[in-house]
Amino acid sequence: MSGSIDDRIKRDILLTFLVIALLFVAVGFFMQLRWRNDHIDTVYQLLDAIVSTEQSDLANELFERRITALRLRLQDMVSLQHVISISLYDIQFRRLVHVTQKGAAESGRPAPELPAADLRAGGGYRVAGGFDTLFFTRQIRAMGENMGWLAIVYDLSVLRGQLRMFFIFLSILLLVTLLSMLTLLRWRLRRFVIAPLRELGAAVSSLEAGRLLPLDNLEGSGREVGGLARTFQSMTDRLNQSYRRLDETNRALRDSEQRFKSVFDHAPYAIVVTSLEDGRLLDANEVFIRRWGISKEPSGRLKPDRLSMVPPREAASIRRAVIKEGGVFNRDMEILRPDGSWEQILFSSVPITFGSEASMLSMTVNVTERRRAEDELRKSQEKFRTLFELSPEAILLVHLDSEAIHDVNKAFTGLYGYSREECLGRTTLALGIYQETAERAAIFRRLRAGEHLENAEVGVRHKNGTALICSLSSITLTLGGESFLLTVMRNITETRLLQEMMVQTEKMVSMGGIAAGIAHEINNPLGIILQAAQNLENRTRIDFAKNRAVAESVGLDLAQMNEYLRIRKLDRFIGDIQSAALRAADIVRHMLDFSRRSDAKRGLCDLEQLIYQALSLARSDYDLEKCYDFKKIQVDVRVAENVPSISCIATEIEQVFLNLLRNAAQAIAEAEPPVVSPRIDLSVTGLSGAVRIVIADNGPGMTEAIRRRIFEPFYTTKPPGIGTGLGLSVSYFIITQSHRGRMRAESPPGGGSRFIIELPADSDPKGEI
Amino acid sequence: MSTLLPNVFIVEDEQQIREHMLLYFEDFDEFRVDAAESGELALEMLAGEPAEVCIVDIRLPGMDGESFIRAAAAAGNCRRFIVHTGSVDLPVSEHLRSVGISERDVFFKPCGMDLILARVRELLTELAADDQSV
């Protein structure tokens with residue numbers, strides 16, 4: 001759309017004028033042509049009529065060749081207005097007569113020659129030299145015979161002048177018409193269209209300043225433009241309103257954009273928009289830019305516009321997820337930092353349209369530190385869990401307020417025989433772990449008072465009732481806002497036994513050393529006592545000749561003296577001296593057992609045989625010691641198969657068995673009320689790397705106080721004179737020192753006593769259990 | 001005292017024991033009994049009058065019991081030996097075994113003299129049997 005309406009209208013008018021002019025020309029030309037043709041035709045018919053009237057005379061004169069006559073005749077004819085020349089030709093086309101109008105010749109213009117070709121064409125007319133000349137030819141016939149040719153040259157210049165005049169007139173007319181039309185049109189156009197339009201244009205252009213249209217000026221400019229102006233006016237109003245609304249919207253939009261831009265830029269997380277198609281960076285916030293060392297040009301372009309932070313395969317997987325699943329949310333990823341280090345991030349991405357480009361909005365949170373901390377925490381938890389679980393000490397976590405067990409470790413379940421499930425939620429009181437509830441209460445009291453317990457010794461009980469001694473350490477700690485007791489329990493039952501054993505052994509060894517030192521010195525006086533008593537006894541005998549001789553010499557009746565000794569029990573006194581000396585000697589000998597480094601050879605032990613030997617010895621004791629009757633006791637010996645072989649000093653082990661059998665028998669004999677069906681059970685079983693021998697009786701058993709002292713030297717429950725108090729000590733010594741075994745006494749609640757001996761098997765390289 | 005009675009000799013440094021044993025064996029009128037307080041003295045005494053059986057304490061001042069036994073046996077001053085010791089444990093050494101001492105000939109103090117007497121009688125019976133067979 002170019003050019004003003006004025007120009008276009010001018011162009012249209014011009015085109016219209018052109019068409020009109022062309023129509024004029026065409027019509028004029030057509031009329032001129034018709035007029036000329038009509039004129040020529042008239043001329044032809046005139047000439048033809050002239051010739052027809054003269055034809056018979058001409059034919060006669062031609063036939064008679066009367067040239068002069070012909071000439072005269074032709075001169076008459078040539079006098080006809082506008083005829084220039086007339087020529088007469090014979091049939092051989094030889095010109096016979098040629099006449100020319102005088103005026104024509106004189107006017108200086110030579111009469112045009114009729115070309116011979118026209119004659120041969122056989123009659124008719126031809127116009128030549130524009131509309132100048134008409135060439136007319138006609139056969140002169142007579143009696144149906146060609147006599148010759150007549151040719152007339154006719155001057156058409158008048159016609160031509162008329163035609164020219166007509167053309168000029170037409171042209172002037174056309175010009176005048178067109179000019180007046182043009183003037184009128186232009187005037188009207190200016191007055192009613194262009195001027196109002198210009199004003200409207202000016203008015204509309206003034207709209208930019210927000211003014212109202214000056215419509216008054218346009219009222220006279222016609223209905224159309226006035227309507228237009230009013231339409232403009234209402235449109236302007238609406239536009240003004242729209243502009244205002246648009247302005248408000250724009251302002252709101254700008255504010256909103258600024259707000260979002262601010263949020264985007266200052267978000268504490270790295271945010272980036274990348275092209276879904278090729279992964280180009282389209283926009284990034286400040287955190288991202290800073291973290292990745294990217295520069296942002298004022299135009300908003302990022303440099304570099306590509307980052308290889310994610311391995312290609314991962315990047316492809318993210319793109320797939322974003323496209324197909326509508327996003328990736330909080331995916332754990334590891335990315336390569338520009339400095340070559342790896343960073344743990346939490347990655348989220350959603351598809352968005354950025355500008356017109358399909359993009360993804362991604363947000364990353366650096367969780368390296370958090371992950372590391374979590375990792376450390378997990379490792380730490382695992383470590384502590386492992387420590388907790390694998391600790392050889394029983395660990396117990398108890399809720400301080402409810403006293404319910406929160407957790408126990410494997411060692412705990414192993415120590416007490418309760419499964420973890422049995423323990424959880426219950427209290428140690430309900431489980432009956434503490435032997436003394438008062439002790440438990442005291443522990444809780446102390447811990448609640450903020451004290452720590454360290455290696456407190458408490459009596460506890462296994463699920464099966466076995467009493468144990470534990471070293472207990474406990475502290476209070478806070479877990480998740482709640483107070484707990486962390487208690488570590490170490491089973492020191494065995495340690496206590498070992499300690500007891502060591503104390504015993506120590507006592508025995510030191511006593512043995514003393515005994516060894518004094519044995520010789522004591523044995524000699526004992527020998528004197530014994531022998532003196534024997535001699536005393538001998539020298540009161542009647543059957544000795546020397547005694548009788550001496551008695552006679554002093555007048556003493558030996559029989560009477562013996563009677564006296566018997567009645568006054570002097571003989572018994574002597575016997576007492578002897579037995580006491582022997583007993584003392586026996587004690588010394590036993591004491592010496594503790595110090596003796598026996599040279600007796602160790603050999604492979606047949607425990608079963610040793611048991612039976614000891615049994616037979618014990619039974620023979622019956623006669624010596626009246627206190628018990630071994631024969632009434634049911635003895636049961638059980639030896640398991642596959643008992644590991646052990647080596648021992650047979651006499652010592654036999655002595656141990658004998659001691660234990662005697663003790664058992666004596667205990668049964670002392671029972672009050674008597675044991676109904678006394679029995680002793682001996683069993684030999686194999687342990688791993690050891691052999692266990694148990695000698696159990698169903699006698700009255702022992703009190704705990706007795707049990708604790710049972711292996712102490714000189715400790716005895718038997719009446720004076722019956723036991724030395726060394727039998728069990730010696731047995732203990734033999735087992736623990738000489739054979740590196742273990743020995744302990746138990747008194748089960750059901751009554752009776754059990755002595756348990758464990759001897760290391762030969763295969764045990766350390767020689768210890 | 002009949003010179004046919006076998007000679008029993010006691011080597012014992014403990015005077016009371018030595019006396020009690022002398023008295024004890026004398027009372028039976030089966031033996032000629034003599035005693036010395038040391039090995040050296042005993043060898044001297046036995047040189048003039050050899051004994052059938054010697055009852056020897058091991059722990060003696062000067063020459064110990066075992067040396068005495070070897071010397072007496074080598075000199076042929078005593079045919080059989082009984083050990084009577086204050087020790088508690090006495091393994092029978094090869095030397096003692098070589099002169100015919102066995103565990104049965106070892107007595108630990110304090111010990112009833114009747115037991116020693118029984119062993120002396122056994123040994124004498126053996127010796128008598130040996131003499132007859134020769």
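Two residues count as being in contact if their C-beta atoms, placed from the backbone, lie within 7 Å. On that basis, residues 24 or more positions apart make up 56% of the contacts in chain A with a separation of 6 or more. This is a predicted model, so to speak: local features need pLDDT of at least 70, side-chain atom pairs count only at pLDDT 80 or more, and totals for chains, interfaces and linings use all residues. Residues are numbered from 1 along each chain as its sequence is written, while chains are lettered from A and ligands numbered from 1 in the order in which they are written.

Of the 769 residues in chain A, 24% are buried (20 or more other C-beta atoms within 10 Å of a residue's own; exposed is 12 or fewer, partly exposed in between).

Now for the cores, meaning sets of buried Ala, Val, Leu, Ile, Met, Phe, Trp, Tyr and Cys residues joined through C-beta atoms within 7 Å.

| Core | Residues in it | Among its members |
|---|---|---|
| Largest nonpolar core | 57 residues | A:Phe657, A:Leu661, A:Ala664, A:Ile695 |
| Another core, apart from it | 35 residues | B:Ile17, B:Cys54, B:Val83, B:Ile101 |

The four residues listed for the largest core are those with the most contacts inside it. Helix H19 (residues 650-670) of chain A gives this core its largest share, ten residues. Helices here are DSSP runs of H or I, at least four residues, and strands are runs of E, at least two, numbered from the N terminus. Beyond residues up to four places away in sequence, A:Leu661 touches A:Ala614, A:Leu615, A:Ala618 and A:Ile680.
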